[in-house]
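Have your viewer ready and try each task before you read its solution.

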Amino acid sequence: MKKILIAMLLCVVTLFALCGAASAEGEEPTVVEVKIVGVAETVSYDGHEHVYQSFSVTNIKDPSNSFDPSTVKFTGTPVRATDAGTYKLSFSAKDFTCTDPNYTLKVTSVNPKNATLTIKPAEVTVHFTGAVETRPYNGQTQTLSDYTVSVSDPTGTFTLAMLDYSGLV
């Protein structure tokens, strides 16, 4: 009976060792080397704040060949922007961490060159419709009345007060 119990115990210990739980007590995390590269992102203006922190993990050197790059997280300050324009994300090696306790992240280089968020201006269409008048040129500023204005704005943020009518005759 003792021989069977000892054999079963050895089998369990051997099975645990073969499964090799990477987080087993006393085992050091695997060091994985990566390069972080900024990724450009472009969106259209929609009136909402955009939080930008896009990057790519490249040149992975992992002795275990099982590292998941999605476990690399940005811990720096993201870009927050609402208005149209181009915004630059700054980062360094210290701004990244690995959420997998089985790995220690070693960032060998960073390239934030393309780390930009571009918010394109919204496309708004304004239509003027009204009566047609013919007047002889008299050198004076002319006015137009009896017209309607319609606006096509996907963001819902455009108002007629934003229009500059100067130069319209």
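**Exercise 1. Describe the overall make-up of the protein chain.**

Keep in mind that this is a predicted model. Start with the elements: the protein chain has one helix and 12 strands. Then turn to burial: 18% of the 169 residues count as buried. The accessible surface is about 12200 Å², with 56% of it belonging to carbon and sulfur atoms. Finally, take the contacts between residues at least 6 apart in sequence: 67% of these join residues at least 24 apart.

**Exercise 2. Work out which strands stand at the edges of the open sheet of three strands, and why one side of each has no neighbour there.**

First, write down the order, β4-β1-β9, with mixed pairing. β4 (55-61) and β9 (103-111) each have a single partner strand, so they are the edges and one side of each is left without a neighbour in the sheet. From one strand to the next, the twist averages 35°. Now look at one pair: β1 (residues 30-38) runs antiparallel to β4, with five bridges between them. Glycine 38, for instance, has phenylalanine 55 in β4 as its bridge partner.

**Exercise 3. Decide whether threonine 116 is buried or exposed.**

Begin by locating threonine 116 in strand β10 (residues 116-120). Its relative accessibility is 17%, and buried means under 20%, so threonine 116 counts as buried. To finish, list its contacts beyond four places in sequence: Val39, Ala40, Glu41, Tyr52, Thr86, Tyr87 and Lys88.

Methods. Residues are numbered from 1 along each chain as its sequence is written. This is a predicted model: local features need pLDDT of at least 70, side-chain atom pairs count only at pLDDT 80 or more; totals for chains, interfaces and linings use all residues. Side-chain values use heavy atoms; hydrogens and water are left out. Two strands pair if DSSP finds at least two bridges between them. Helices (H or I, at least four residues) and strands (E, at least two) are DSSP runs, numbered from the N terminus. Axes are lines fitted to C-alpha atoms, for helices over the stretch in contact, and angles run from 0 to 180 degrees between N-to-C directions. Buried means under 20% relative accessible area, exposed over 50%, partly exposed in between (1.4 Å probe, protein chains only). Contact means heavy atoms within 4.5 Å. Accessible areas come from the Shrake-Rupley method with a 1.4 Å probe; for residues, only the protein chains shown count as cover.
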